[in-house]
Amino acid sequence: MTDHPLLGTYEVPALEPFLARIGELFAAGPAHDSGCRTYGVRLPDGARWAVKEALTDAAQRSLDRGWAFHQAVQHPVIVPQVHRLRVGERSAVVLPWRDGESLYHRAPAAGPGQRPGGALARFRALPVARVLAALDLILEAHLAVERAGHVAVDFYDGAVLYDFATHTPHLIDLDEYRRGPFVVQEDRLPGSRRFMAPEEWVRGAIIDARTTVFTLGRTARLLLDAGDEERAWRGTPRQRAVITRATCADPPHRHASVRQFVGEWRQACDGPVIDPHAPLGRGELMH
């Protein structure tokens, strides 16, 4: 049993008043499309935490799924859920706070995610080596997802927090990830159409590693393009060929596993990836 003001608490009647009482609320975002709300709280010892609360029954089911996922999958890039507490009839999860900006911004006039000067636009303007290094860490995290027997659902650029100071990506909001393969029980799975595989829109379809491959292929395609129109590819023809296979509409024609996709992708990137923390052009290579 711990006397930690947050991690030692297991039930509260209302979340926001409780957080304001134990520390400084420095962030309180609006309700997400998922039906959750996230707070940032700084405790007297200086530690910062994110607390994500379910506001609806559907959000609670998603949060329960996410808790199970985080108990099964750990990776330095995936922000862990370290504690859960009851809030009235629902619950909230506690995560360590990570600095960074979401690579997705709502901006209809400029297209999805491509607000002039927004985080995604700034990320796409980075040197290609920086983008490749961040993408490699995202792929590495999904190797851990696959090893744990899980598949990606509802992954999109909004699940990526990018710290421009340290050039580090952090993955958040992976609550829809689940054990696979599984069969689609509804008319469509949750997610962004920019990243979703065709089978995610079909009731009765099988979702497996090839579905995750498609999503990761779309991630590489969109992060390595200078714009949402996908007319300004910044990668190489070899990398584009790997993506073409990964995002084939027919699942059997894709890579059979995330491991296979990542292996072929890294070969197309000539193997090692530039250390994102080292000076460009002079950094040591890491394998």
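Two strands count as paired if DSSP finds at least two bridges between them. Helices (H or I, at least four residues) and strands (E, at least two) are DSSP runs, numbered from the N terminus.

This is a predicted model, where local features need pLDDT of at least 70, side-chain atom pairs count only at pLDDT 80 or more, and totals for chains, interfaces and linings use all residues. Residues are numbered from 1 along each chain as its sequence is written, and side-chain values use heavy atoms, with hydrogens and water left out.

**Exercise 1. Work out which strands pair with S6, and in what sense.**

Step 1: Take strand S4 (residues 48–54), which pairs with S6 in the antiparallel sense over five bridges. Here Glu 53 has Ala 92 of S6 as its bridge partner.

Step 2: Now try strand S5 (residues 83–87), which runs antiparallel to S6 and is joined to it by five bridges. Ala 92 turns up again, as the bridge partner of Leu 85.

Step 3: Look at the turn. The hairpin of S5 and S6 has two residues between the strands, and Gly 88 takes a positive phi near 60 degrees there.

Step 4: Check burial (buried is under 20% relative accessible area, exposed over 50%, partly exposed in between, with a 1.4 Å probe and protein chains only). In strand S6 (residues 90–96), six of the seven residues are buried, so the strand is largely enclosed by the rest of the structure.

**Exercise 2. Decide how the rings of Phe 69 and Tyr 177 are arranged.**

Step 1: Rings of Phe, Tyr and Trp (its six-membered ring) pair if their centres lie within 6.5 Å; planes under 30 degrees apart are stacked, over 60 edge-to-face, and the rest tilted. By this rule there are six aromatic pairs.

Step 2: The centres of Phe 69 and Tyr 177 are 5.2 Å apart and the planes are at 65 degrees, so this pair is edge-to-face.

Step 3: Phe 69 sits in helix H2 (residues 57–72) and Tyr 177 in the loop between strand S10 (168–171) and strand S11 (178–179), so the pair ties together parts 108 residues apart in sequence.

Step 4: Phe 69 is buried, at 0% relative accessible area, and Tyr 177 is buried too, at 1%.

Step 5: Tyr 104 is partly exposed at 23%, and Tyr 156 is partly exposed at 25%.

**Exercise 3. Count the disulfides.**

Step 1: The test is a pair of cysteine sulfur atoms within 2.5 Å.

Step 2: A search of the whole structure gives zero.

Step 3: As for two of the cysteines, Cys 248 is partly exposed at 22% relative accessibility, while Cys 269 is buried at 17%.
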